[in-house]
Amino acid sequence: MTILNDPVSAKLGNRQQLSYIASQAADARLNVELETEGMTLNIGPQHPATHGTLRIIARLDGEQVVWAEPSCGYMHRGYEKLTEVRTFPQVTTLVNRIDWLGSFANEVPFILAAEKLMGVEAPPRAQWIRTILFELSRIANVSLFLGDLGVQLGAITPVFLAFRDREYVLNLIESATGGRFHPNFDRIGGLKDDLPAGWIDETKVVMKKLRNFCDEIETLLFGNEIFQSRTRGIGVIPRDVALQYGLSGANLRASGVDWDLRRDQDIALAYNKVDFKVWTHPDGDSFARCWIRLQETREATLIVDKLLDGIPSGPVMAKVPKIIKVPEGEAWVSTENPLGEMGYYVVSRGDLGPFRVKIRSASFNNISITPWLLRGVYVPDIITILASLYFILGDIDR
Amino acid sequence: MFALLAVEIPYWGQSLLRVLGGLVAVLLPAGTIVYLFLFKMMSFMQSRLGPMEAGPYGSLQLVAEVGKWLQKEDIQPESADKPIFKMAPIVVLMSTFLLVVVVPFGPDAWFTDFETGVFYALAVSSISVLGILMAGWSSANKYSLLGGLRAAGQLIAYELPMVLAVMGVVIQAGTMNLQQIVFAQNASSMFGFDGVGNPYVLTQFVGFVVFMIAIQAELTQAPFDMPIAESELVSGYMTEYSGFRFLIFFIGEFATAGVFAMIASTLFLGGWGIPFAWFGWTSMDDVSNWMNIAGPIIVITKMLVLTFLIMWVRFTYPRFREDQLQRFAWKVLIPVSLANIMATAVLKVAF
C-alpha cells in the first residue's frame, strides 16, 4: 500500500490520483518483470527550454512521462506587495516587468482600474493610441513566440527571422514611447506624449513587413511535415478541461471556446471601433495553439492598420490633478493580453498608493494545466507542450 | 601516394607521411565545413553576418575558438566513471580516422587499398556509437544518459538502411573495393550510353537518397539530432564535457560529416574522377599521373557539395521525435532500400 500513502499522490485530485496510481502500478509491474526502475528528471530551473527559471519535475519510465509537475517561484519578485509602498503613477514601472515581452500591455489594465476608481476617462485619441500600442506589444510578443517555437522543436532558423522583424516593432514602440522593452508610457487620465511626426506612415510599412514575416513562418514552419507530426495531436486540451483550468487567451481559443476580452467587454479602449476576427480552432492540440497565435499576429497587424486610419485628433491627457489621490473603493479590470487574460484587482483607501493589488496573470493559470497534460507523453513532447502553452516566466512568478 | 614522389622513402617516413596525410584529410574538411557552413552559410540563412572580426571575413574565428577551448578548465563530474569518461571522445574521433583510411583520393593517392573497403567503412563507422554510449553512461548525468541511449537506438536503426543503400552500388560495380567502384563509375557506360560514364547517383538515385538520409541520422544532424537536442536534453551525451574534450567531440562531429560525404561522393558521384572528363582510360594503369593532384581537389569539391546538402537540411528542419525516427527507419527507408536492391539485381542481370 505504499502507493496510496505516497506523498505525491495525496496531493493530486481524484481523477489524477487514479491515473497516477495506475501508472505507479504499471511502473511496479515493469520493475518486477524487467528489474527496471523509473527515473526522476528535473527539467529546470536552469534548462534551455524553460526560457527562465521554471522547473518541471518529471517522473520518467524510459522516455515516457509517468507524472510531471511544474514548480514555480524561482523568480518571485513580490510585485503585489511592492505596489503597496508605491504611489499609483509609480506602479506602472513595476508591472511593466511582469510580461517583459509585451510590457505596454501590462500597464493598460492597471491604469484603467485606477481611472475607473477616480472616475476619469482618457480622451479618445489617448484611447486609440493605447490600443495601437497594446496591439504592437502583442505583435512584438507573439512574433518572438513564433520564432522560439522553431528552436524548441529543433529548427534554429525561424528565431532569427523573428528577432529581425520584432526589431522593427520595438523601434516603433521606442520612437513613440522612449522605451524599447519597458515603455512606462501610460498615465492615469491619458498618455505621457502624443505620437511623433511620421509615426503613422512608418507603422503601416512595418505592419506590411510583419505580415510578410507571418507568411514566411507559415511556409517555413507550419507547412513543414516534421513540425506537423511533432505538434498535431500532442497535448490535446478538450473544451471543458480548458475551461476548468481557467485557461485564457490563445490556449482557450485553440480548444474551440470563442472568448476574447477585446471583443466581449466594453472598456475604455478602441477595440469596439474596428472590426476584427477572433480566431478559434476546434482541435485543442499544440498545433492549434501555435496556429491561433500565428493568425492573431496577422490579425493584430490588420487591427493596427484599421486603427491608424481612423485615429481621432484632440488632446492625449484628461484633466487630472498633479498629485493623484485615488478615492476609496475597489475595481477589477482585465484585458486580453498577449498571453491571455490579465487583470488587476485594485483596492484603494484614498491614499497616494494602492492598499492592495491582486494581479491575475495569464501564464500562471495557463501552466497550471501541465500536470494534467504531461501524463503519458514523451520527453520531447514536454518541450512541445510547454512551448505551445507559451508562458513568460515573469508572468508566472510575479 | 608514394609512387608519386618517385623516391624510395624509409618505412618510418612513410608512416609519418600517412599520419600527416590522415590528419590533413580529417581536419582540413572539418575546418572548412565549420567555417563555410556552420559560421557563414548558417548566418546568411538567418539574415546575419556571422563572425567578421577574426581575420578577413572571420576566417580565423575557428583558430580563436580552438584556442579558447584549449584554455578552458577540464571539468569532470565527481561521480563520473573517469577512465570511460576520458576515453569516450577519443573513441568517437578514432572512428573518423579509421574511416578516412579507405577513401581513395587519386589513382595512387590512397592510404590503404582494401579489397573490402565498403564493408570496412560501414563497420568502423559504428565504432562511434560505442564512444557516444560511453560518454552518455559515464557522465553520471540523466540528460547524458537519455542522449546516449537515444544515440545508440538511432545509430543502430540507421546502420541498416545505410548498408542496404550501399548494396545497390556494390551489386552494380561488382566489387567492394572503393578504388574499383570509382573506376567502374568513370569508365563504364550507363544502359549502353557512353557519354558521361556511369555515376551511380543517376542509376542508384534511390540508394543515394537513402544513403544521404541515413548519414544525416548517423551524424546526428537535424532533423535527426535527438541525441544532442539542445532544447530537450541540454546537450545530450556532450552535456558534461568541457574544454578540449568537448573540442574533440566537436571536431569528431564535423570531421565525420566530411568523411561520410567523401565516402558518399566516392560511392555515388564518381570519387576522384569526373565521369564526363575521363579521356577514355580503360584500366587503372592508364590513368594519367596528374589525377593524383587533381583527385583530392575533386573529392573535396564533391564533399563540399554534399555537406552543403547536409547542412542545408540541418539549418532548416525541426527535429523528429524518437519514435517517429524509428518508424521512419524501419517502415520507410529499409523497405525502399530493399526494393532498390531487388530492382538493381534484376536490371544488372538484364543489361
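Which residue is the bridge partner of Tyr345(A) in strand 8 of chain A? I looked that up to get started, keeping in mind that this is a predicted model. The partner turns out to be Lys358(A).

**The sheet around that pair**

I then checked how strand 8 of chain A is held. Strand 7 (residues 340–348) of chain A is joined to strand 8 of chain A by five bridges, and the two run antiparallel. Stepping back, I found an open sheet of three strands in chain A, in the order 6-7-8, with antiparallel pairing. Strand 6 (329–337) and strand 8 (356–360) of chain A have a single partner strand each, so they stand at the edges with one side lacking a neighbour in the sheet. From one strand to the next, the twist averages 10°.

Next I asked what lies across this sheet. Helix 5 (residues 103–118) of chain A lies across strand 6 and strand 7 of chain A, and runs at about 150° to strand 6 of chain A.

**The annotated stretch**

**Where chain A meets chain B**

Last, I turned to the two chains. Here 26 residues of chain A are in contact with 23 residues of chain B. Among the elements of chain A supplying at least two residues each to that side are strand 1 (39–43), helix 6 (124–152) and helix 9 (225–231). Helix 9 of chain A gives the most, with four residues. I sorted chain A's side by type as well: 16 residues are nonpolar, seven polar and three charged.

Technical notes: Residues are numbered from 1 along each chain as its sequence is written. Chains are lettered from A and ligands numbered from 1 in the order in which they are written. This is a predicted model: local features need pLDDT of at least 70, side-chain atom pairs count only at pLDDT 80 or more; totals for chains, interfaces and linings use all residues. Two residues are in contact if their C-beta atoms, placed from the backbone, lie within 7 Å. Ala, Val, Leu, Ile, Met, Phe, Trp, Tyr, Cys and Pro count as nonpolar, Asp, Glu, Lys and Arg as charged, and the others, Gly among them, as polar. Two strands pair if DSSP finds at least two bridges between them. Axes are lines fitted to C-alpha atoms, for helices over the stretch in contact, and angles run from 0 to 180 degrees between N-to-C directions.
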